[in-house]
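I opened this notebook to keep track of what I looked up, one entry per topic.

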Amino acid sequence: MLHSNKIQRANKAAMDFSLLSEALTSKSYDKVADICDKHMLQVAAEGVAFQDDWPYAIHLLGHIYAGDINSMRFLWKSMPATLKEGNPEVIAAWKIGQKLWMRDYGGVYEAIRGYDWSQEAQGLVAAFSDLYTKNMFQLLQSAYSTISIQDTALFLGMSEDDATTFVQQQGWAVDPASQMLTVKKQPIVTEQKLDASKLQNLTEYVFHLEH
């Protein structure tokens with residue numbers, strides 16, 4: 001009996017998610033994936049059966065927020081089949097990752113909006129959505145001198161009216177007749193150089209849309 005109690009106490013200690021809760025509460029979303037990764041390695045090394053109680057949706061979303069799609073895919077592959085098939089929030093998080101992997105930029109927003117996220121996940125998902133929109137805007141700004149309102153709305157996950165208003169606030173010019181936007185270029189900041197492969201991917205995606 002004593003031995004059993006010791007095991008239960010050890011398992012309880014090993015499954016302490018206080019650091020993760022603190023990161024979510026403080027909106028330190030960039031730390032979520034690392035906290036989950038390290039804790040998973042710890043409990044696995046201690047032989048704790050953690051799969052049934054593991055916050056897989058948050059873990060997946062943490063990798064998505066960090067832009068680490070390879071780690072997200074690896075985590076998905078390691079998950080029990082029952083969770084992949086029977087946990088709606090895990091499935092919803094994976095759908096976002098799939099759209100990112102397939103470079104389905106508009107589909108990312110659809111996946112975000114297509115699920116009623118738990119209170120625990122809402123802040124993380126909203127923060128990722130804002131970050132993703134910011135990154136997409138920077139990519140458009142770097143890749144194009146002119147772009148249609150329709151394509152801009154798709155990439156920013158907004159209606160055409162909202163997208164037009166948003167980019168006008170950033171100094172872009174709109175031609176109502178042609179429904180085209182003229183991009184206002186920003187000075188290049190060396191610390192924020194954009195990945196050339198991302199620009200190429202974006203260009204290929206727009207080419208696919210227009211042909």
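Entry 1, a helix pair. The model is predicted, and I began with helix α7 (residues 88-101) and helix α8 (residues 105-113), whose axes come within 8 Å and cross at roughly 175 degrees. An angle over 145 degrees counts as roughly antiparallel, so that is how I noted α7 relative to α8.

I then looked up which residues meet. From α7 I listed Lys 95, Ile 96, Lys 99 and Leu 100; from α8, Gly 107, Val 108, Ala 111 and Ile 112. Sorted by type, the residues of this contact are five nonpolar, one polar and two charged.

Entry 2, the sheet. I found an open sheet of three strands, ordered β1-β3-β2, with antiparallel pairing. Which strands are at the edge? They are β1 (146-148) and β2 (173-175), each of which pairs on one side only.

For the antiparallel pair of β2 and β3 (residues 180-182), I noted three bridges. Asp 175 has Met 180 of β3 opposite. Helix α10 (residues 149-156) packs on the sheet and touches β1, β2 and β3. I wrote down about 80 degrees between the direction of α10 and that of β1.

As background, nonpolar side chains tend to be buried together in soluble globular proteins. How many residues does the largest nonpolar core have here? I noted 55, and the residues with the most contacts inside this core are Tyr 56, Leu 61 and Ile 96. Ile 96 had already come up in the contact of α7 with α8.

Next I asked which helices supply at least two residues of this core each. My list reads α2 (18-25), α3 (32-45), α4 (56-66), α5 (69-78), α7, α8, α9 (119-143) and α10. The largest share, 10 residues, comes from α9.

I also looked up what surrounds Tyr 56. Leaving aside residues up to four places away in sequence, Tyr 56 touches Met 40, Phe 50, Gln 51, Leu 75, Met 79, Pro 80, Leu 83 and Val 90.

I noted 12 helices and three strands as the secondary structure of the chain. The chain has 211 residues, of which 38% count as buried. Of the contacts in the chain with a separation of 6 or more, 61% are between residues 24 or more positions apart.

Technical notes. Residues numbered from 1 in each chain as written. Predicted model: local features only at pLDDT ≥ 70, side-chain atom pairs only at ≥ 80, totals over all residues. Heavy atoms only, no water. Axes fitted to C-alpha atoms, helices over the stretch in contact; angles between N-to-C directions. Helix = DSSP H or I, 4+ residues; strand = E, 2+ residues; numbered from the N terminus. Parallel < 35°, antiparallel > 145°, perpendicular 65-115°, else oblique. Contact = heavy atoms within 4.5 Å. Nonpolar A, V, L, I, M, F, W, Y, C, P; charged D, E, K, R; others polar. Pairing = 2+ DSSP bridges. Core = buried A, V, L, I, M, F, W, Y, C linked by side-chain atoms within 4.5 Å. Buried < 20%, exposed > 50% of the residue type's maximum accessible area, 1.4 Å probe, protein only.
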